[in-house]
Amino acid sequence: DSRVGQLKSEAWQGLGAEADAWFNSPHRDLNDRTPLGVAAISDDEYVRAHRLLTERIREFELARAQKQKKGAALGDVVSFARTKYAEQKAGLWIRGVHPRLQARPEDYIVDETTRDVCLRLIDPKVDISRFRRKRA
């Protein structure tokens, strides 16, 4: 059926490898039915499944962006730590629980703000502006 094919195509495009699991799993918002099963019923049911897919793609893209932001911020701190400490000590600093953070820096860092906190823990006089990224 064309509705099922369209939903599959959009799921693969938006979710990549996660698509199969998404459209073959029962969802509470679809009365514990699968999106493919619901989409095959009628145009109205297809709209419900498609709305759920749109929400999942938005969540997926947000999580991917957050992961990229965390990766860039953590990379900055790791690189900076390596300029201030020997390689082994830098690794221990990143992976060890820091008393001021009450967490491991690699877990604490999620964005530029938490990156800056960690940079200042390594060197309170650090010029944070050198780590600013240009916005696209």
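In what order do the elements of the protein run from the N terminus on?

1. In this predicted model, the elements of the protein follow one another as α-α-α-α-α-α-α from the N terminus, and the count is accordingly given as seven helices and zero strands. The radius of gyration is 22 Å, whereas the globule rule gives 14 Å for 136 residues, and because the former is well over the latter, the protein is more spread out than a compact globule.

2. The extents of the C-alpha trace along the principal axes of the protein are about 65 × 30 × 20 Å. Of the contacts between residues at least 6 apart in sequence, 46% link residues that are at least 24 apart.

3. As regards burial and surface, 36% of the 136 residues are buried, and the protein exposes about 8,800 Å², of which carbon and sulfur atoms supply 49%.

4. The charged side chains comprise 26 positive and 21 negative ones, and the centres of these two sets are 9 Å apart.

5. The surroundings of Thr114 can be described in two parts: its side chain reaches the backbone nitrogen of Val110 at 2.8 Å, and, when neighbours within four places in sequence are left aside, Thr114 is in contact with Tyr108 and Ile109.

Methods. Residues numbered from 1 in each chain as written. Predicted model: local features only at pLDDT ≥ 70, side-chain atom pairs only at ≥ 80, totals over all residues. Heavy atoms only, no water. Helix = DSSP H or I, 4+ residues; strand = E, 2+ residues; numbered from the N terminus. Rg over C-alpha atoms; globule rule 2.2 N^0.38 Å. Buried < 20%, exposed > 50% of the residue type's maximum accessible area, 1.4 Å probe, protein only. Contact = heavy atoms within 4.5 Å. Areas by Shrake-Rupley, 256 points an atom, 1.4 Å probe, with all protein chains shown as cover. Lys, Arg positive; Asp, Glu negative; His and termini not counted. Charge placed at Lys NZ, Arg CZ, Asp CG, Glu CD. Polar contact = N/O pair within 3.5 Å; in protein donor to acceptor, adjacent residues only side chain to side chain.
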